[in-house]
Amino acid sequence: PKGIVGRFIELAGGSESHIVVLPTAMPDPIPDPPGIDQAFRDAGAKTVTVLPGRTLDKVESEQYLASLKQATGIWFGGGRQWRFVDAYLDTKAHEAMHDVLRRGGASIQAEFLARGNPLGNLDIMADGYQRGLNFLPGVAVDQHFTQRKRQDDMLSLVKRYPRWLGIGIDESTVLVVQG
């Protein structure tokens, strides 16, 4: 929604923001452009760069690393979130994303990857696919929470892993974490 895009830009530097859009989670083929990039331009971002690659040679390329170095905000597009982990976990680009967050930029992805199973999104916990990009340490986030009646799934996750803070967010909502 327009309000969320505007707030994201505000948090990422307003009219001086450099937004990187990652449509990585989308199904193949990823649209060119993915569409959300124009919404950021229309809402006043200074620059918007789309980085659609998923392979190591792309995500660690000079172009990608330079774009992430300039970024004041990273927009992680919707879709199958495990694709972010497969493409970026433990890469130079992953470290560059953490640098954006340390500089005060906006981003997502909890430490625990809820619904990370690449075979389907019905399981909130999938052995071997539980590690997220860790921008929110100690947290598991599940989306489409009310719309898909996922409350019981989150309860089962926090019962099994009581050290995690379980957060459910609904569609067209945003969670802003500062500090």
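Predicted model: local features only at pLDDT ≥ 70, side-chain atom pairs only at ≥ 80, totals over all residues.
**A parallel sheet and a histidine loop**

Biologist: How many bridges join β1 to β2?
Modeller: Strands here are DSSP runs of E, at least two residues, and helices are runs of H or I, at least four, numbered from the N terminus. Two strands pair if DSSP finds at least two bridges between them. β1 (residues 18-22) and β2 run parallel, and the number of bridges joining them is four.

Biologist: In what order do the strands of the open sheet lie?
Modeller: Its edge strands are β2 (47-50) and β3 (73-76), each pairing on one side only. The sheet has three strands with parallel pairing, in the order β2-β1-β3.

Biologist: Why is His 144 classed as partly exposed?
Modeller: His 144 sits in the loop between β5 (136-142) and α7 (151-160). Buried means under 20% relative accessible area and exposed over 50%, with partly exposed in between (1.4 Å probe, protein chains only). His 144 is partly exposed because its relative accessible area is 23%.

Biologist: Which side chain makes a polar contact with that of His 144?
Modeller: Leaving aside residues up to four places away in sequence, His 144 touches (heavy atoms within 4.5 Å) Arg 150, Ile 169 and Glu 171. A polar contact is a pair of N or O atoms within 3.5 Å; within protein, one must be able to donate a hydrogen and the other to accept it, and residues adjacent in sequence count only if both atoms are side-chain atoms. At 2.9 Å, the side-chain partner is Glu 171.

Terms used:
Residues numbered from 1 in each chain as written. Heavy atoms only, no water.
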